[in-house]
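Trainee: Hi! Could you walk me through this one?
Mentor: Happy to. Have a look at it and then ask away.

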Amino acid sequence: TVKTPAHAEGPVTVEVTVGGAKASRTEAFRFAYLLTEAPLVDGSVTTSEWPAEFSLADDTAVSGWDNNDLDKLWVGFDDTYLYVGITGRVESANAIVLFLDTDFGAKTGYLPDTLGDNSGALDAALTGSGIKVYVPGFGAEFAAGLFGGTGQTLASLDSSGHAGLRGFQGGPSDFHWLGADVVMTETGIEMRFERAVVGLAASSGGHQAALFVRIVNQDGEYTSPEGLPSSTNGDGSVDSVVRLWVN
C-alpha cells in the first residue's frame, strides 16, 4: 500500500519502487477534486455544473443502435453523495444501466451475467447475459439504471420498477430497492447515490471504486456496441472501467 503525494487534477502515471524493483501504471489513476458545488440532479448535464476535469469516459464506438446513444460520463462526489452524469439517450424499450463496484480488486460482488432476479423491468435488464465483463477484480455490489422516459427521485421510488438503484446484498437473485435519484431528459441522465447507502461513507475510510455504463435491451440479452468506457473491440463488452478513489 502506498500513498501518493499531492498532484494537479488529471490522469497520472504511478511508479512504485521497492527494494530496487520498480512497477508502474501509465495514466491508470486520476487525481480529481471533490465537487465544491453539487450539480442539480435534473437530467441536464451542463458544463457549468460538470467541469471538464470530472469527465472520465468518452464513447468511441463507430456506430450503435438507432436512437440510442452514449456520449460522455462524469463522476464526482462530496461528503454526502456520489454523483454521475451521462450525456446520451435511450428508447423506451431499452435501458441505460450502470454497475458499481465499491471495493474494486477485492473480488467480491457479482458480474452481470451471474445475476438472476427478474422480478421487475429494470431487474430483467440488469440480469441478462448481454454484458460480458473482462476486467480482473471487478464485481458489482450495486447497479442503477432506467428505461427511456422514466426516472425517480429520492423521495419516491419508481413503483413500476423501470428505474432506480439496486443492491445485491441479498445475493445474486435477491435485489434490494435503495433510495436514489435517477433522472433522465431527452439528452442526459443524472444520478445521485447517498455514499452511506452504497457503502462509501466518508467515515468508513478510503475506497477504490469502479463503474461502467452500457445500453441493453429490455431483457438484458443484447448490448449496444457503445459504452462508457468503450470496449476496445467495439462489441459492448467491458474490458476497462472507470476507477476512482473515494475518501
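Mentor: Let's begin with the whole chain and then move on to single residues. Keep in mind that this is a predicted model.

Trainee: Okay, how many helices and strands does the protein chain have?
Mentor: The protein chain has 1 helix and 14 strands. Its radius of gyration is 17 Å, close to the 18 Å that the globule rule gives for 247 residues, so the chain is as compact as a globular protein of that length.

Trainee: And what box do the C-alpha atoms fill?
Mentor: Roughly 55 × 40 × 35 Å, taken along the principal axes.

Trainee: What share of the residues is buried?
Mentor: Buried residues make up 49% of the 247 in the protein chain. As for the surface, the chain exposes about 11300 Å², and carbon and sulfur atoms supply 50% of that area.

Trainee: Which share of the contacts joins residues at least 24 apart?
Mentor: Taking contacts between residues at least 6 apart in sequence, 66% join residues at least 24 apart.

Trainee: New topic: charges. How many positive and negative ones are there?
Mentor: The protein chain has 13 positive and 32 negative charges.

Trainee: Now the rings. How many aromatic pairs are there?
Mentor: The count comes to 5 aromatic pairs. One of them is Phe 138 with Phe 212: their ring centres are 5.3 Å apart and their planes are at 50°, so this pair is tilted.

Trainee: Where do Phe 138 and Phe 212 lie?
Mentor: Phe 138 lies in the loop between helix H1 (121-126) and strand E7 (142-147), while Phe 212 is in strand E12 (residues 207-217), so the pair ties together parts that are 74 residues apart in sequence.

Trainee: Is Phe 138 buried or exposed? And what about Phe 212, buried or exposed?
Mentor: Phe 138 has 6% relative accessibility, so it counts as buried. Phe 212 counts as buried too, because its relative accessibility is 0%. Ring pairs also link both of them with Phe 99 into a cluster.

Trainee: Let's switch to Trp 65. Where is it?
Mentor: Trp 65 lies in the loop between strand E3 (55-58) and strand E4 (69-77). With a relative accessible area of 24%, Trp 65 is partly exposed.

Trainee: Which residues does Trp 65 touch?
Mentor: Leaving out residues up to four places away in sequence, Trp 65 touches several, among them Asn 94, Ile 215, Tyr 222 and Pro 225. As for Val 90, it is 25 residues from Trp 65 along the chain, and their C-alpha atoms are separated by 9.2 Å.

Trainee: What about Asn 67, what is its phi?
Mentor: Asn 67 has a positive phi of about 65°, although it is not a glycine. Asn 67 sits in the loop between E3 and E4, and at 42% relative accessibility it counts as partly exposed.

Trainee: And what is phi for Lys 107?
Mentor: Phi of Lys 107 is near 65°, again a positive value in a residue other than glycine. Lys 107 is in the loop between strand E6 (94-101) and H1, and it counts as exposed at 72% relative accessibility.

Trainee: Last one: is the peptide bond from Leu 228 to Pro 229 cis or trans?
Mentor: That peptide bond is cis, with omega near -10°. Pro 229 is in the loop between strand E13 (223-228) and strand E14 (242-246).

Trainee: Thanks, that helps me find my way around!

How values were computed. Residues numbered from 1 in each chain as written. Predicted model: local features only at pLDDT ≥ 70, side-chain atom pairs only at ≥ 80, totals over all residues. Heavy atoms only, no water. Helix = DSSP H or I, 4+ residues; strand = E, 2+ residues; numbered from the N terminus. Rg over C-alpha atoms; globule rule 2.2 N^0.38 Å. Buried < 20%, exposed > 50% of the residue type's maximum accessible area, 1.4 Å probe, protein only. Contact = heavy atoms within 4.5 Å. Areas by Shrake-Rupley, 256 points an atom, 1.4 Å probe, with all protein chains shown as cover. Lys, Arg positive; Asp, Glu negative; His and termini not counted. Charge placed at Lys NZ, Arg CZ, Asp CG, Glu CD. Phe/Tyr/Trp six-rings, centres within 6.5 Å; stacked < 30°, edge-to-face > 60°.
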